[in-house]
Amino acid sequence: MTLNRVLITGAAGRIGRTLRAGLGKRYRLLRLLDLAPLGAAAAGEEVVHADIGDLAAMEAALEGIDCVVHLAGVPEEDVWEKILPANIVGTYNVFEAARRRGTRRIVFASTNHVVGFHPRDRRLDEIVMPRPDTRYGASKAFGEALGRLYADKHGISVACLRIGSLQVKPQDERQLATWISPRDTVELVRCCIEAPDYHFLIVYGVSNNRDRRWFDRASRLLGYAPQDDAEAFAAEIRARGEKPDAIAARFHGGPYCAMEFSGRSED
Ligand SMILES: NC(=O)c1ccc[n+]([C@@H]2O[C@H](COP(=O)([O-])OP(=O)(O)OC[C@H]3O[C@@H](n4cnc5c(N)ncnc54)[C@H](O)[C@@H]3O)[C@@H](O)[C@H]2O)c1
């Protein structure tokens with residue numbers, strides 16, 4: 001499948017800027033959408049200022065697009081009043097507009113926090129049950145379910161990326177497992193856009209970290225071969241001797257599990 005007209009929602013954000021720099025000029029059209037300023041369009045780019053909460057605006061933005069990379073939304077835990085319109089209604093609008101406009105592929109920025117409440121001593125694959133650690137994680141589980149629906153019912157090819165932690169370098173001990181470097185992020189999204197036909201995939205967005213705890217079959221199918229390893233920064237981070245609290249240490253989601261925690265710590 002040759003997909004040459006690509007839309008990125010949330011293009012002014014951290015991942016969006018990384019992709020714009022890394023994928024610019026690769027496709028016949030890179031349409032960039034955000035509420036926030038995007039600067040001037042370079043050759044081969046188009047810039048759209050729109051709210052993913054507006055279905056009509058999303059239909060217009062999806063016109064003529066082969067593949068949408070859907071990043072826009074609230075990228076962390078927040079109050080329900082912000083999560084609902086951006087991550088639930090907004091994601092529905094993007095997927096539904098893609099269906100109405102005949103878009104063939106959706107690459108959806110999900111998160112590792114969809115499976116954050118699995119115990120950290122367990123290595124995770126892509127078929128483990130969702131165990132969201134936050135309202136944010138639950139909203140992304142909704143996006144993954146919507147992706148499955150649009151793949152099965154409407155034949156749209158969908159990849160859900162359970163992204164770890166995009167940073168120039170890992171910031172703490174947890175990120176020695178969860179880190180994804182900017183160049184691996186670009187490569188992962190490039191593979192998702194360009195891989196031949198696939199139906200529905202869940203992929204963990206991590207670099208080739210020695211301490212990684214998430215594995216999937218889709219990476220090989222996509223040809224995603226990450227280059228970077230957080231271990232290069234491990235000595236510096238471990239020397240700090242930081243200790244997360246007991247709940248954060250027990251689960252994959254780390255501090256997101258500890259937030260507002262009022263459950264039974266033995267569960
Ligand atoms: N950065 C990471 O490590 C990471 C990890 C896991 C998942 N993700 C996911 O990747 C995506 C991008 O993350 P990021 O770090 O670039 O976040 P970011 O906050 O830097 O970028 C998100 C962008 O979306 C835009 N946006 C928000 N609401 C919008 C709306 N209603 N309409 C149009 N645009 C809107 C914002 O203006 C912003 O530019 C998010 O969906 C996030 O959940 C990121």
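Of the 25 residues around the ligand, those that come nearest are Ile15, Asp34, Tyr136, Lys140 and Leu166; a residue counts as near if one of its heavy atoms lies within 4 Å of the molecule. The model is a predicted one, in which local features need pLDDT of at least 70, side-chain atom pairs count only at pLDDT 80 or more, and totals for chains, interfaces and linings use all residues. Residues are numbered from 1 along each chain as its sequence is written, and side-chain values use heavy atoms, with hydrogens and water left out.

By class, the shell around the ligand has 14 nonpolar, seven polar and four charged residues. In this division Ala, Val, Leu, Ile, Met, Phe, Trp, Tyr, Cys and Pro are nonpolar, Asp, Glu, Lys and Arg are charged, and the others, Gly among them, are polar. Two or more residues of the shell come from each of helix 1 (14-23), strand 5 (105-111), helix 4 (135-154) and strand 7 (165-166). Strand 5 gives the largest share, three residues. Helices (H or I, at least four residues) and strands (E, at least two) are DSSP runs, numbered from the N terminus.

The ligand sits in the largest pocket, in the sense that more than half of its atoms lie within 2 Å of the pocket's grid points. On a 1 Å grid over the protein atoms alone, a pocket is an open set of points with protein on both sides within 12 Å along at least five of seven lines, whereas a cavity is a set where a 1.4 Å probe fits but cannot get out; lining residues have an atom within 4 Å of a point. The largest pocket holds about 950 Å³ of space. Its lining comprises 38 residues, of which Gly73, Val74, Pro75, Glu76 and Tyr136 are the closest to its centre. By class, this lining has 17 nonpolar, 13 polar and eight charged residues.

One cavity of 30 Å³ or more is present, and the largest cavity contains about 70 Å³ of space. Its lining includes Ile15, Val107, Phe108, Ala109 and Thr185. Strand 5, strand 6 (157-163) and helix 6 (182-194) each give two or more residues to this lining, which divides into eleven nonpolar, one polar and no charged residues.

Conventions
Grid points are joined across faces, edges and corners, and a volume is the space filled by probe spheres set on the points.
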